[in-house]
Every structure is written in C-alpha cells, then in structure tokens.
Amino acid sequence: MATGRTHRPATRSRGIPEATVARLPLYLRALTALSERSVPTVSSEELAAAAGVNSAKLRKDFSYLGSYGTRGVGYDVEYLVYQISRELGLTQDWPVVIVGIGNLGAALANYGGFASRGFRVAALIDADPAMTGRQVAGIAVQHSDELEKIISDNGVSIGVITTPPGVAQQVCDRLVAAGVTSILNFAPTVLSVPDGVDVRKVDLSIELQILAFHEQRKAGEEHEGTAPPVAARQDSSEQGPDGDVPAVMPA
C-alpha cells in the first residue's frame with residue numbers, strides 16, 4: 001500500500017485555492033453521510049446547505065475539480081466522494097505519529113475516525129520513561145529517543161504534536177529533521193518551520209474565546225432589544241415646525 005512519503009496530493013500543482021482546499025473536507029463529510037444513507041445524487045443547493053456554504057461557492061469550488069454535475073440531476077454522490085478523497089490524498093495510506101501522549105494525545109489516539117479517512121496512527125511517542133510500553137488504543141507508546149528511527153521505519157510525513165508548549169518547538173525541529181513535512185500542532189504556541197513544511201494549528205482556547213465573543217455579542221443584542229421604548233409623545237417645546245424633533249437641539 002502506498003505511504004505518505006512517496007505520494008503527495010495534487011492540489012497545489014492544479015492551482016486549487018487554499019480556501020477551496022479548506023472546504024473540501026466539509027463537502028466530503030456531507031457526501032459521506034449521504035453515501036451512508038444510499039442517496040445516489042444531490043443538488044448543489046442541498047449539498048451546500050449540508051456543508052454550511054452557499055451553492056454558488058460550492059459550484060465554484062467544484063469547478064476546480066473539473067466536476068460540474070448534471071443539470072436537472074445534480075452530483076453523483078459516490079463519484080464525488082471518490083473525486084474529493086483523491087484530491088485530498090485520502091485514497092492512500094498516510095502513517096501519522098502522535099508526539100505527547102497526555103490526555104489530549106491519548107484521546108486522539110483513541111479517535112476511531114482516522115482509519116476510515118485515510119490515516120493510520122503508526123506510532124505514539126512520549127518523553128516520559130514511565131509511559132514507554134504502555135498500551136494506548138492498542139498501540140504501545142515508544143520513547144522519544146526512538147523518534148527519528150520510528151519516522152524512517154514507518155515512512156511518516158505527518159506528525160501531530162500534543163506536547164506542553166515549552167518543548168513543542170524542539171519536537172517540531174526533530175520531526176522536520178527526520179523528514180516530516182506536515183505537522184498538526186495542538187500545543188498552544190507558534191511553531192517556526194522551514195519552507196516546504198506545512199503547519200496546521202489547533203488552539204482550543206482561541207476557539208473558545210471566539211465563541212465567548214459571539215456569546216457576548218448575542219447578550220448585548222438581547223439587552224438592546226429589552227431597552228425601554230422612546231416615548232411616543234414629545235414635549236411641544238422639543239418639536240420642530242412640522243412637529244418633528246429638530247436635528248439640532250437649542251442650547
């Protein structure tokens with residue numbers, strides 16, 4: 001079976017915009033749900049609604065894939081699942097290492113959705129000697145001293161960092177030096193990487209702060225909605241010649 005080290009997705013070479021690439025997994029998730037329900041075709045409007053985008057944007061995104069659907073019929077669900085999976089590189093095996101097997105690392109290791117989406121957890125790595133040999137999700141944790149060998153032996157090009165922030169950059173540097181070219185970073189710190197290495201950062205605290213902003217805004221709108229109404233009748237001394245409140249009040 002092909003590994004991530006020898007095959008890379010063709011999205012960049014085909015000039016697909018990053019914003020479109022970011023939406024492809026949303027379409028794939030919606031299409032997979034339709035496929036599981038044996039739905040043969042779907043309209044752009046239905047698929048866009050399921051993915052949370054507008055239909056014009058969806059059609060534009062699909063034009064980069066060379067898929068326009070059939071007028072009056074819609075898109076073939078199974079074909080689109082394959083087409084998007086291929087474009088994302090999910091029709092091959094991507095071995096992944098997770099470095100830092102604390103609560104978050106262990107939770108990711110136990111996530112059952114990796115295999116069905118083209119990813120295989122090849123190794124779990126931790127710097128704590130007490131963790132070495134411990135079984136997590138049926139995989140024995142290996143010591144970080146073996147990191148470079150593990151990456152080489154398994155042909156790993158994707159690394160997941162779930163370490164404390166103080167050691168995340170050091171781990172990142174070792175991953176890159178060993179040949180990893182894509183990193184998913186859960187550590188609350190910004191990583192510095194050379195050209196040719198992709199980093200995706202997942203910061204749960206930032207996401208919560210964004211939600212807090214929206215909650216505050218909604219609370220403010222509700223507060224404004226309960227403000228007492230302006231009096232329907234104004235004192236005659238405040239009215240203009242036509243009975244309206246003047247634009248500029250006298251001093």
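These legends describe close-up views of a predicted model.

Residues are numbered from 1 along each chain as its sequence is written, and side-chain values use heavy atoms, with hydrogens and water left out. In this predicted model, local features need pLDDT of at least 70 and side-chain atom pairs count only at pLDDT 80 or more, while totals for chains, interfaces and linings use all residues.

**View 1. Overview of the protein.** The protein has eight helices and nine strands. Both are DSSP runs numbered from the N terminus: helices are H or I with at least four residues, strands are E with at least two. Of the 251 residues, 36% are buried. Buried means under 20% relative accessible area, exposed over 50%, and partly exposed in between (1.4 Å probe, protein chains only). Among contacts with a separation of 6 or more, 58% join residues 24 or more positions apart; a contact means heavy atoms within 4.5 Å. The accessible surface is about 15100 Å², and carbon and sulfur atoms account for 55% of that surface. Areas come from the Shrake-Rupley method with a 1.4 Å probe, and for residues only the protein chains shown count as cover.

**View 2. The Arg23–Asp61 salt bridge joins two helices.** The structure holds seven salt bridges. Each is a side-chain nitrogen of Lys or Arg within 4 Å of a carboxyl oxygen of Asp or Glu. For Arg23 and Asp61, the closest N and O atoms are 2.7 Å apart. Arg23 sits in helix α1 (residues 18-36) and Asp61 in helix α3 (residues 55-63), 38 residues apart. Both Arg23 and Asp61 are buried.

View 3. Asp93 is buried, at 11% relative accessible area. Arg120 is partly exposed, at 34%.

View 4. Glu215 is partly exposed, with 47% relative accessibility. Lys218 is partly exposed too, with a relative accessible area of 41%.

**View 5. The buried face of helix α3.** Ser55, Leu58, Asp61 and Phe62 are the buried residues of α3. They span an arc of only 120° around the axis, so they lie on the same side of the helix. The arc is that of the directions from the helix axis to the C-beta atoms. Their cover includes α1, α2 (44-51), β2 (75-76) and α4. Asn54 caps the N-terminal end of α3, with a side-chain oxygen 3.2 Å from the backbone nitrogen of Ala56.

**View 6. The two faces of helix α6.** In α6 (residues 147-154), the buried residues are Leu147, Ile150 and Ile151. Seen down the axis, they fall within an arc of 95°, so they line one face of α6. These residues pack against β3, β4, β6 (139-143) and α7 (165-178). The face turned away from the buried side carries the exposed residues Ser152 and Asp153. Gly155 follows α6, with a positive phi near 60°.

Conventions. A polar contact is a pair of N or O atoms within 3.5 Å; within protein, one must be able to donate a hydrogen and the other to accept it, and residues adjacent in sequence count only if both atoms are side-chain atoms.
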